[in-house]
Amino acid sequence: MAIAGDDSNHGVDDDARIARIAAAITVFPGFPKPGISFQDVTGIFHKPEVFRDAIGLFVERYKGKGVTLVAGIEARAFFFAPTIALELGAKFVPLRKPRKLPGEVISEEYSLEYRTDKIEMQIGAVEPNDRAIIVDDLIATGGTLSAAIKLLERAGAEVVECACVIELQELKGRAKLGKTPVFVLVETN
Ligand SMILES: O=P(O)(O)OC[C@H]1O[C@H](OP(=O)(O)OP(=O)(O)O)[C@H](O)[C@@H]1O
Ligand SMILES: Nc1ncnc2[nH]cnc12
């Protein structure tokens with residue numbers, strides 16, 4: 001597993017934090033079905049210092065950038081996104097699987113590595129001047145984040161960037177996200 005390189009802000013302390021995060025990720029070959037090597041982030045939460053490393057790297061990147069909304073995609077982004085939002089003083093907006101959110105919602109369908117799915121968002125959650133980041137644990141084909149960007153933009157928000165812990169580079173998911181940049185901590189195949 002390679003450690004994601006970044007631009008000028010990337011320091012020795014960042015490398016140490018990213019190395020601890022990479023070491024806490026476990027790969028499960030053949031889960032949830034043959035041919036998939038599942039990248040499991042739950043080990044990050046078994047070590048509070050590593051959880052702090054991950055939250056710190058995201059918060060340091062977005063502090064002072066005028067981010068007003070942090071969206072997180074069900075389910076695994078929910079481990080990270082509310083804490084990042086709290087630290088940034090931004091609102092957290094959950095993007096959920098179908099029929100989980102009450103009230104008026106908008107939805108987007110998408111296909112991913114091993115199935116198709118749909119995500120929904122409550123429309124009252126977003127205001128026209130919101131500057132959003134979208135958090136997820138992992139970008140694979142990019143289908144999920146692409147649908148998430150569409151939801152936020154349909155509701156009038158500006159999506160500043162997507163932020164993920166892991167990128168599966170071989171699947172070239174970033175190419176699906178158009179002009180929206182992606183910041184990742186750990187790159188792998
Ligand atoms: O880039 P993509 O190909 O779209 O794949 C990435 C998405 O797949 C996983 O979620 P999943 O839909 O498996 O949901 P879960 O977190 O509920 O298991 C992962 O947490 C991302 O959200
Ligand atoms: N290989 C993978 N590991 C974990 N989550 C995923 N979502 C899509 N592909 C995945």
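Guide: Phe78 counts as partly exposed, because its relative accessibility is 27%, between the 20% limit for buried and the 50% limit for exposed. This is a predicted model, and each value below is computed from it. Phe92 also falls in the partly exposed class, at a relative accessible area of 29%.

To place these two rings, begin with the aromatic pairs. If ring centres within 6.5 Å make a pair, the count comes to seven aromatic pairs. In one of them, the ring centres of Phe45 and Phe51 are 4.9 Å apart and the planes stand at 65°, so the pair is edge-to-face; the cut-off for that class is over 60 degrees. Phe45 is partly exposed, with 25% relative accessible area, and Phe51 is partly exposed at 24%. Phe78 and Phe92 make another edge-to-face pair, since their ring centres are 6.0 Å apart and their planes at 90°. That pair links distant parts of the chain: Phe78 is in the loop between β4 and α3 (81–88), while Phe92 is in strand β5, 14 residues away. Phe45 and Phe51 also belong to one aromatic cluster with Phe79 and Phe80.

Next is helix α2, residues 48–62, which holds Val59. Val59 is buried, because its relative accessible area is 8%, under the 20% limit. Apart from neighbours within four places in sequence, Val59 contacts Ile84, Glu87 and Leu88. Val59 and Thr83 are separated by 24 residues in sequence, with their C-alpha atoms 9.3 Å apart in space.

Helix α4 covers residues 143–154. At 1.5 Å a residue, its twelve residues should span 16 Å, and the end C-alpha atoms are 17 Å apart, which agrees. Nine of the twelve residues are buried, so α4 is largely enclosed by the rest of the structure. Those buried residues are Gly143, Thr144, Leu145, Ser146, Ala147, Ala148, Ile149, Leu151 and Leu152. The elements that cover them include β4 (69–73), β5 (91–95), β6 (105–111), β7 (116–122), β8 (131–139) and β9. Just after α4, Gly156 has a positive phi of about 100°.

Strand β9, one of the elements that cover α4, runs over residues 158–168 and contains Glu167. Glu167 is buried, because its relative accessible area is 6%. Not counting residues up to four places away in sequence, Glu167 touches Ile139, Arg174, Val184, Val186, Glu187 and Thr188.

The buried residues in α1 are Asp14, Arg17, Ile18, Ile21, Ala22 and Ala24. They cover an arc of only 160° around the axis, which puts them on the same side of α1. On the other side of the helix, Val12 and Ala23 are exposed.

Conventions: Residues numbered from 1 in each chain as written. Chains lettered and ligands numbered in written order. Predicted model: local features only at pLDDT ≥ 70, side-chain atom pairs only at ≥ 80, totals over all residues. Heavy atoms only, no water. Buried < 20%, exposed > 50% of the residue type's maximum accessible area, 1.4 Å probe, protein only. Helix = DSSP H or I, 4+ residues; strand = E, 2+ residues; numbered from the N terminus. Arc of directions from axis to C-beta. Contact = heavy atoms within 4.5 Å. Expected span 1.5 Å × (residues − 1). Phe/Tyr/Trp six-rings, centres within 6.5 Å; stacked < 30°, edge-to-face > 60°.
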